[in-house]
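This report is meant to be read beside the sequence and the model.

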Amino acid sequence: MSRPITLFSGQWADMPFEKFCEKAKSFGYEGIEIACLGDHLDLKKAATDAKYVEERKNILKNFGLKVFAIGTHLIGQCVGDNPDPRIAALIPQGAGTKPDEIRKWAAQEMKYAAVAAKNLGVKIVTGFMGNPIWAYWYSIPQVTEQMITDAYAQIIKAWTPIFDDFDKNGIKYALEVHPAQIAFDYYTAERLLKEFKNRKTLGFNLDPSHLVWQGVSPALFIRDFHRQLLHVHMKDTAVTLDGKSSILGSFLNFGDVRRGWNFRSPGHGDVDFENFIRELNAINYKGPLSVEWEDSGMNREVGAKEACEFVKNINFSPTDTAADDTAKTE
């Protein structure tokens with residue numbers, strides 16, 4: 001199949017961009033989804049400094065890689081969240097300390113992302129949007145419908161000016177349907193599209209690992225939201241409920257074997273990737289299959305290389321003829 005196999009750089013932001021590209025190439029990847037973390041991509045520079053853009057392009061060219069998407073997950077989270085002490089760990093110095101300052105910084109960064117994508121020749125920016133009422137997801141005390149309506153309205157108000165800039169630059173935003181986002185499962189995703197009046201700027205980055213442990217079918221998500229499917233992550237998850245473990249995670253860190261579920265390298269969990277690919281074939285998805293490698297129980301470099309091979313093997317093309325057609329005669 002012509003779909004490119006790429007590696008998301010977010011889990012590799014501890015190493016210089018050039019070193020990451022060298023490794024991605026050695027693992028067998030054709031391209032990358034570049035995260036705005038560490039040394040990998042400075043959005044402001046990529047939006048305003050032609051020399052910086054050329055340097056990034058030259059690094060990619062030297063290793064025979066292409067960039068297919070820009071990942072803005074942590075920045076996008078800051079746009080739509082309410083005050084949260086954890087956000088301080090996500091932002092650089094100078095971004096502000098007060099909630100309004102952080103949101104203003106993040107909104108500007110997202111506007112830079114649209115221009116940066118255009119300068120890099122990329123059409124898709126992936127990421128998060130935040131959720132001002134995520135802390136209230138369990139309805140005790142009761143969450144009123146008005147609180148939910150207000151939360152969606154807050155997201156629309158925060159993101160509409162950003163999407164206006166995306167439109168000016170011919171870029172689309174692929175929200176990763178993910179816990180802690182305003183759209184974290186099937187019905188919240190459906191409502192978000194409705195609230196935005198099906199604005200074409202907004203689509204989805206589908207990572208099946210976040211749906212499976214919630215009990216949501218990635219296959220049905222593909223079927224029902226195929227018009228909005230802009231990008232795909234290849235990541236696995238294993239549900240290991242044993243009578244003690246909880247699907248809610250029990251405040252245990254990822255990788256702890258006592259957890260009720262953990263992320264796994266593709267092919268080592270419960271995601272039905274064969275059916276996943278068949279559904280992508282059915283909607284004629286030709287975009288990247290981007291490996292977001294997260295597996296706390298496996299060596300990162302061994303896992304990323306194996307994941308590349310796994311995705312290449314599962315990336316089969318649909319048939320161009322029905323099986324019974326071969327038996328037909330004139």
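## Helices H4 and H5

Ile 75, Gly 76, Cys 78 and Val 79 of H4 are in contact with Ile 102, Arg 103, Trp 105, Ala 106, Ala 107, Glu 109 and Met 110 of H5, where contact means heavy atoms within 4.5 Å. By class, this contact of H4 with H5 has eight nonpolar residues, one polar and two charged; Ala, Val, Leu, Ile, Met, Phe, Trp, Tyr, Cys and Pro count as nonpolar, Asp, Glu, Lys and Arg as charged, and the others, Gly among them, as polar.

The model is predicted, with pLDDT of at least 70 needed for local features and 80 or more for side-chain atom pairs, while totals for chains, interfaces and linings use all residues. Residues are numbered from 1 along each chain as its sequence is written, and side-chain values use heavy atoms, with hydrogens and water left out. Helices (H or I, at least four residues) and strands (E, at least two) are DSSP runs, numbered from the N terminus.

Helix H4 covers residues 73–80 and helix H5 residues 99–120, and the two pack at an angle of about 130 degrees with their axes 8 Å apart. Axes are lines fitted to C-alpha atoms, for helices over the stretch in contact, and angles run from 0 to 180 degrees between N-to-C directions. H4 and H5 are therefore oblique to each other, since angles under 35 degrees count as roughly parallel, over 145 as roughly antiparallel, 65 to 115 as roughly perpendicular and the rest as oblique. Their crossing is left-handed, a term used if the near helix is turned anticlockwise from the far one by less than a right angle, with right-handed used if clockwise.

## Aromatic rings

Rings of Phe, Tyr and Trp (its six-membered ring) pair if their centres lie within 6.5 Å, and planes under 30 degrees apart count as stacked, over 60 as edge-to-face and the rest as tilted. By this rule the count comes to 23 aromatic pairs. One of them joins Trp 137 and Tyr 138 edge-to-face, at 5.7 Å centre to centre and with 75 degrees between the planes. Trp 137 counts as partly exposed at 47% relative accessibility, whereas Tyr 138 is exposed at 56%; buried means under 20% relative accessible area, exposed over 50% and partly exposed in between (1.4 Å probe, protein chains only).

Phe 166 and Tyr 173 also form an edge-to-face pair, at 5.8 Å centre to centre and with 90 degrees between the planes. Phe 166 is buried at 0% relative accessibility, and Tyr 173 is likewise buried at 0%. Ring pairs link Phe 166 and Tyr 173 with Trp 159, Phe 163 and Phe 196 into a cluster.

His 178 is placed in the loop between strand E5 (172–176) and helix H7 (186–195), and with a relative accessible area of 18% it is buried. Leaving aside residues up to four places away in sequence, His 178 touches Phe 128, Ala 183, Phe 184 and His 210.

Asp 236 lies in strand E8 (residues 236–239) and counts as buried at 0% relative accessibility. With residues up to four places away in sequence again not counted, Asp 236 touches several residues, among them Ser 209, Phe 263, Arg 264, His 268 and Asp 270.
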